[in-house]
Amino acid sequence: MDNSETDGFATVRSSLPTLPLPSNSERPTLTTTRLLIRPLQPTDLEAIYVLRTRPEVMKWTSAGCIDKDIEKTREVLNRFLPPNDTATLNYAICLKSTGELIGQGGCHLYRAKHGWPEVGYMLREEFWGQGLATEFLGAWLQFWGRLPRTEREIRVQKAMVTDEGRVPEQLIAIIEPSNGASQKVLLRSGFEPFREFTEADDKLVAFRFFPSK
Ligand SMILES: CC(C)(COP(=O)(O)OP(=O)(O)OC[C@H]1O[C@@H](n2cnc3c(N)ncnc32)[C@H](O)[C@@H]1OP(=O)(O)O)[C@@H](O)C(=O)NCCC(=O)NCCS
């Protein structure tokens with residue numbers, strides 16, 4: 001059963017990053033010890049296609065399968081390029097040493113159907129297990145936390161809030177319970193698991209992060 005359709009929604013007050021978000025041309029490149037986290041650009045199409053045609057990577061994503069052709073990848077990439085860039089905060093994840101694009105990550109849904117912004121990330125599998133996703137998420141969360149905020153009313157799924165009225169801002173990540181690597185990245189980065197649910201026959205776990213805490 002798709003619980004998301006049947007769960008009730010509540011109107012709450014919270015702060016959220018001010019919309020429009022910084023455009024690709026305004027937002028900074030973030031650097032870490034090993035990574036260059038830069039705005040996506042149209043010329044990333046080929047590299048994103050390589051990433052999104054890796055079955056081992058894509059099976060863990062909400063798509064669940066590889067892109068059928070480069071036009072599908074173009075459609076996905078276009079969600080993060082002008083004029084759509086100010087509604088999301090997704091970045092290219094590149095190696096600092098070579099500039100090679102090895103993944104992408106950030107806020108791909110603002111807001112997601114549960115009502116809160118949602119974060120995700122993916123790396124080509126030859127770069128897994130070196131702490132790179134944790135390095136990416138730490139830098140990205142710092143940037144997300146520093147964005148200007150606006151207090152406003154939002155509709156969120158009741159199961160996705162702790163209280164009624166004014167609630168602390170949340171950032172959500174949704175993964176499969178068997179995604180041990182991603183679970184570890186989230187826990188290490190300050191997220192907590194708080195809800196298990198089923199959607200289109202898939203078991204999922206929602207993790208939340210409180211940017212103001
Ligand atoms: C999730 C993903 C980004 C992690 O990337 P990564 O760079 O390997 O992550 P990190 O190295 O920072 O951390 C992963 C940790 O999980 C551990 N790990 C790997 N597989 C694991 C498993 N099955 N169970 C438990 N822990 C596991 C690693 O050993 C590592 O821990 P360590 O540093 O203590 O050794 C990568 O696996 C990926 O792209 N997966 C496909 C897409 C995806 O799942 N995205 C998340 C959905 S939003």
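# Exercises on a predicted protein chain

The protein chain contains 6 helices and 10 strands; helices (H or I, at least four residues) and strands (E, at least two) are DSSP runs, numbered from the N terminus. This is a predicted model, in which local features need pLDDT of at least 70 and side-chain atom pairs count only at pLDDT 80 or more, while totals for chains, interfaces and linings use all residues. Residues are numbered from 1 along each chain as its sequence is written, and side-chain values use heavy atoms, with hydrogens and water left out.

## Exercise 1. Confidence

Solution. Step 4: where pLDDT is low, the predicted coordinates should not be read in detail.

## Exercise 2. Overall dimensions

Solution. Step 3: the C-alpha trace spans about 50 × 40 × 30 Å along its principal axes. Step 4: the accessible surface comes to about 10300 Å², with 52% of it belonging to carbon and sulfur atoms; the areas come from the Shrake-Rupley method with a 1.4 Å probe, and for residues only the protein chains shown count as cover. Step 5: there are 27 positive and 28 negative side chains, and the centres of the two sets lie 4 Å apart. Lys and Arg count as positive and Asp and Glu as negative, while His and the chain ends are not counted; the place of a charge is NZ of Lys, CZ of Arg, CG of Asp or CD of Glu.

## Exercise 3. Burial and contacts

Task: Classify Leu171, Tyr91, Ala133 and Gln142 as buried or exposed, and place each in its element.

Solution. Step 1: buried means under 20% relative accessible area, exposed over 50%, and partly exposed in between (1.4 Å probe, protein chains only). Of the 213 residues in the protein chain, 49% are buried.

Step 1: Leu171 is found in strand β8 (residues 171-175) and is buried because its relative accessibility is 0%. Beyond four places in sequence, its contacts include Trp140, Trp144, Phe191, Phe207 and Phe209.

Step 2: Tyr91 lies in strand β4 and likewise counts as buried, at 0%. Trp140 and Phe143 are among its contacts beyond four places in sequence, as is Gln104. The C-alpha atoms of Tyr91 and Gln104, 13 residues apart along the chain, are separated by 5.6 Å.

Step 3: Ala133 belongs to helix α5 (residues 132-146) and is buried, since its relative accessible area is 16%. Outside four places in sequence, Ala133 is in contact with Leu123 and Val185.

Step 4: Gln142 is also in helix α5, yet counts as exposed because its relative accessibility is 52%.

Step 5: for the chain as a whole, 69% of the contacts between residues at least 6 apart in sequence join residues at least 24 apart.

## Exercise 4. Backbone geometry

Task: Locate the cis peptide bonds at Pro20 and Pro83, and the positive phi values at Ala200 and Asp201.

Solution. Step 1: most residues other than glycine have a negative phi, and most peptide bonds are trans.

Step 1: the bond from Leu19 to Pro20 is cis, with omega near -5 degrees; Pro20 lies in the loop between β1 (9-17) and β2 (30-31). The bond from Pro82 to Pro83 is cis, with omega near 5 degrees, and Pro83 is in the loop between α4 (70-78) and β4 (89-95).

Step 2: phi is near 45 degrees for Ala200 and near 70 degrees for Asp201. Ala200 is in the loop between β9 (192-199) and β10 (202-209), and Asp201 is found in the loop between β9 and β10.

Step 3: Ala200 counts as exposed because its relative accessibility is 59%, and Asp201 is exposed, with 69%.

Definitions and conventions: Contact means heavy atoms within 4.5 Å.
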